[in-house]
Amino acid sequence: MKEQQPLKILLLAAEVVPFAKTGGLADVAGSLPKAIRALGHDIRVAMPRYGRIDPVRFDLKKALPAFPVPMNKHMEEAAVLQGVIGQDVPVYMIENAKYYDRDGIYMYPDDAERFVFFCRSSLEMLNRLGWCPDIIHCHDWHTAIVPNWLKTLYKDDPFFAHTATVYTIHNLAYQGIFGHRVLEIAGIAEYGFMYHPEMADMIEVVDFMARGIFFADVINTVSERHAQEILTPEFGEKLDPLLRDRRDRLFGILNGVDYEVMNPATDKYIAQNYDVEHLENRVANKLALQREANLKEDEAIPLIGIISRLSDQKGFDILGDVIDHLLDLDLQFVLMGTGDPHYHEMFSRVAQVYAGKAAVFLTFNAELAQKIYAGTDMFLMPSRFEPCGLNQLVAMRYGSVPIVRAVGGLADTVKDLNPQTGEGNGFSFEPHDRWALFSAVVRALENYKYKEAWHKLQVRGMTADFSWSASAKKYVDLYYRALAARGKEIKLEDYGLVEE
Ligand code: ADP
């Protein structure tokens, strides 16, 4: 295939903005396709039609009537609705009441089956649509079975004879590990479990993530730093031996931010719009946030924000260890997040003890998120690991200065301020350690006192380009690379897999 030729790409994801979101995966799946389309490629998205996605609100149209999808020895019915992202990215939504008519997105005992069904329906719908993709771009464990299928179940299917796969790892910690029954449901029981001499834990489990890594034509994760990190036992989540085997086809591409949506000059949810030329208008947002959060209204006191899933990954252990010391300082703190009940308790206590100084919203609220980006002076991310991290990018776009642990995508995007040279766009610390976190915050507070220098820091963040334009081009390169790699032979027997 010549490089100039536009590609046809099917992007598969379990969550996609604006339809369903729990984290950064949805942001990427909702914004990368717009940027790829802008480069002239025919990219389309598929996702499940969860019960919470209202067909009327999103003006979903019927794309395909119900058709049978093989699941183990029986058939399940899938129908397809069609919506759109932005102006022109088609989104196919797989419907099945039994699997998706539920309140949430994940965390059901039959999640493996639900996502196998989604993937199988997505492949089976293509022929019916008469649209054959050059690339199927899979994201995280929910869609990792697809590269596996194309090298086994569908390997002789002429429809997919020229289709290559790309597998993007957003979070290696969620691998989708299940038992043998899943192979039966997926119709690949005869190929058996995978085996790797350095991964004893893999025997007799089905690890979807591992299968995506093993079978995809190319693999990437969401920052260059993280692509290196996951080759090590510290960050490899026990899959580092397999990742090291595949390092010749493993790449790092930084996520972008949808600057059309994330724009303080046009944001509908914030009290006062502003841009880099009129940063003085930003203060109205700080006062509004203080009011909404029942914090003392004071434009001078530094206000630190966090928006996050409340999970161990995000470094709340070290934050918890030091939060009382932080709140002894002259600052305010606002946090929004949901997740681990242990952290719900921890932050509820903080809100109680430091009422007026600390505010905690144990909820998921996209509007409030925008107000926090626009109203805080600093944005804290002490992550244990962070494949890319989007919050620091959005925070910078909104003039909230990031304080981060130098790991993964945080290390690639936030450069520690050097007060001598004035270089840097935030504050970062290396060790996963409470006092390292504490001193980074103290340094930020010190610098906050120097208004001119602080203003420059904000401007640097706001004018940096973390849009999709550069990264979308890198994904297109990756698609071509996948097409080139497709012909390369995989030795299935090395992994205990039997070629039929
Ligand atoms: P992850 O995917 O690990 O959760 P990212 O930084 O990649 O982390 O993406 C998180 C995304 O989810 C961001 O867009 C962030 O604003 C959003 N988010 C996280 N928690 C909340 C919440 N409680 N309310 C609103 N948005 C949230």
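1. Phe 379 stands opposite Pro 402 in strand S16, and this belongs to a parallel pairing in which four bridges join strand S15 (residues 378–381) to S16 (residues 401–405); strands pair if DSSP finds at least two bridges between them, and strands (E, at least two residues) and helices (H or I, at least four) are DSSP runs numbered from the N terminus.

2. This is a predicted model, in which local features need pLDDT of at least 70 and side-chain atom pairs count only at pLDDT 80 or more, while totals for chains, interfaces and linings use all residues. Residues are numbered from 1 along each chain as its sequence is written, and side-chain values use heavy atoms, with hydrogens and water left out.

3. The open sheet has six strands in the order S14-S13-S12-S15-S16-S17, with parallel pairing, and its edge strands, S14 (358–361) and S17 (427–429), each pair on one side only.

4. Helix H15 (residues 434–448) packs on the sheet and touches S12, S15, S16 and S17, where contact means heavy atoms within 4.5 Å; its direction makes about 160° with that of S17, given that axes are lines fitted to C-alpha atoms, for helices over the stretch in contact, and angles run from 0 to 180 degrees between N-to-C directions.

5. Arg 434 in helix H15 and Asp 321 in helix H10 (residues 316–327) tie together parts that are 113 residues apart in sequence, through a salt bridge of 3.9 Å, N to O (a side-chain nitrogen of Lys or Arg within 4 Å of a carboxyl oxygen of Asp or Glu).
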